[in-house]
Amino acid sequence: QTGLITLDPGYGNTGSCESAITFIDGEQGILRYRGIPIEQFAEQPNFVEAAWLLIFGRLPTHDEYRGFAADLTRHADLHEGMKHHFEGFPRSAPPMAILSAMINALSCFHPELFELEDPERFRMAAARLISKIRTIAAYAYRHSRGLPYIYPDPQLRYVPNLLHMMFSHPYRQWDCDEAVCEALNLVLILHADHEQNCSTSTVRMVGSSRANLFASCAAGVCALWGPLHGGANVEVMQMLEQIHTGNLTAEEYVRLAKDRDSQVRLMGFGHRVYKNFDPRAQMLGRVVEGLLTRLGREDPLLDIARRLEEIALEDPYFIDRKLYPNVDFYSGIILRAIGIPTNMFTVFFAIGRLPGWIAHWWEQNQQLDNRIARPRQVYVGEREHAYLTMGQRF
Ligand code: SDX
């Protein structure tokens, strides 16, 4: 069972393709990675293991997992030459701009990994990218704060190392909270792939021209940045903050979101595929409750989110349009509880989605009918007419 739609020999002409990575049933709210329901990752969430599953098609054996984890540890550092690039960005630079630029810059330091056919070189490129995206994200954060870069610690596992590079100080290591690391592993897993969404389709489109993995994923970052896509998790927090600061009540905001002329949307609501519920939103709603409880914290924004959900789920406007909370509705509250600043939320979405992009890029490169994507159009412009000299124009 694959995420098969219809096949078109031209591929890009109809925008549909065959893939065996992720299966979604939007009516039933089903999401499976390589056949495994995402709910089954919640017990012992391990993002590195899920990344291997998506990319290589099955769960890793113990030795495969240890080898992959060791590669991620080994390749966490950035070339010292890359660090200077950060200094060229203004402190106010959007982290997603830095992320896409620096992922693309990785292709300057690893040209030997451009080989598209060699599985071993692909595995090395994938490991470097999954490992280094953490370092790039952390350094973008440190640069925005004028803080010294914290080098990766080879003793730490994937998620703790990311948080260490973000929040440690030169002489005081970030205190690794198990509850936080477990929650963040699951958040990253729930973002890891989602079949032919906008950013993954972008990676496949760019990769279809035989562009290298780094360049293709850099393009995916740019697509994810949009507020209708991965950027929605930032918009959700701004919406909740706006209600929290008393500018608008939840009821008033919902009223605005129903008014087409307002240009306001209930951010974190709606989905092109899910028409009953987004299973990820349901799981993230449970994660945020559990995390806040284990941290002994409360967040007024969670209460506002719950209120918005309650109002919208009883409102015919949302019911008739099958608009329900999506993956972005609760993810921001979890990241905020962990201490991630709002402007880094979409970067964390990208860290989660990277294994999915890599899996799709490789899957497409291995397909025999991998032709360059070339969507067709319906021309609705001017009919043929003559060129007018400047004197003839008015
Ligand atoms: C992600 O594709 C993926 O899988 C994406 C993703 C992934 O994992 O990769 O799941 C991640 O991008 C999740 C979506 C995050 N974006 C948001 O939360 C932004 C708010 N949501 C909407 O902009 C919208 O719901 C979309 C973009 C998610 C889906 O857009 P569609 O399918 O193109 O729906 P539409 O814009 O055509 O809307 C249909 C109707 C319209 O009203 P009418 O014309 O019928 O009167 O529903 C209304 C829309 O105005 N509508 C909303 C709404 N979403 C749709 N009205 C108010 N609030 C909303 N959030």
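A polar side-chain atom of R280 lies 2.6 Å from an oxygen atom of the ligand. The protein buries 79% of the 1100 Å² that the ligand exposes when taken alone. This model is predicted.

**Ligand site**

- The ligand sits in the largest pocket.
- The ligand is surrounded by 22 residues. The closest are H194, R260, H271, R272 and R280.
- By class, the shell around the ligand splits into eight nonpolar, seven polar and seven charged residues.

- H271 places an N or O atom of its side chain 2.6 Å from an oxygen atom of the ligand.
- For R280, the distance from a polar side-chain atom to a ligand oxygen atom is 2.6 Å.
- R353 also takes part: an N or O atom in its side chain is 2.8 Å from an oxygen atom of the ligand.
- H271 and R280 are also listed among the closest residues to the ligand.

**Sheet layout**

- Strands of a sheet pair through backbone hydrogen bonds, in either a parallel or an antiparallel sense.

**Strand 1 with strand 2**

- Four bridges join strand 1 and strand 2 (residues 30-33) in the antiparallel sense.
- I24 has L31 of strand 2 as its bridge partner.
- F23 stands opposite R32, which is in strand 2.
- Strand 1 and strand 2 form a hairpin with four residues between the strands. In this hairpin, G29 takes a positive phi near 65 degrees.

Terms used. Residues are numbered from 1 along each chain as its sequence is written. This is a predicted model: local features need pLDDT of at least 70, side-chain atom pairs count only at pLDDT 80 or more; totals for chains, interfaces and linings use all residues. Side-chain values use heavy atoms; hydrogens and water are left out. Two strands pair if DSSP finds at least two bridges between them. Helices (H or I, at least four residues) and strands (E, at least two) are DSSP runs, numbered from the N terminus. A residue is near a molecule or strand if one of its heavy atoms lies within 4 Å of it. A polar contact is a pair of N or O atoms within 3.5 Å; within protein, one must be able to donate a hydrogen and the other to accept it, and residues adjacent in sequence count only if both atoms are side-chain atoms. Accessible areas come from the Shrake-Rupley method with a 1.4 Å probe; for residues, only the protein chains shown count as cover. On a 1 Å grid over the protein atoms alone, a cavity is a set of points where a 1.4 Å probe fits but cannot get out, and a pocket is an open set with protein on both sides within 12 Å along at least five of seven lines; lining residues have an atom within 4 Å of a point. A molecule sits in a cavity or pocket if more than half of its atoms lie within 2 Å of its grid points. Ala, Val, Leu, Ile, Met, Phe, Trp, Tyr, Cys and Pro count as nonpolar, Asp, Glu, Lys and Arg as charged, and the others, Gly among them, as polar.
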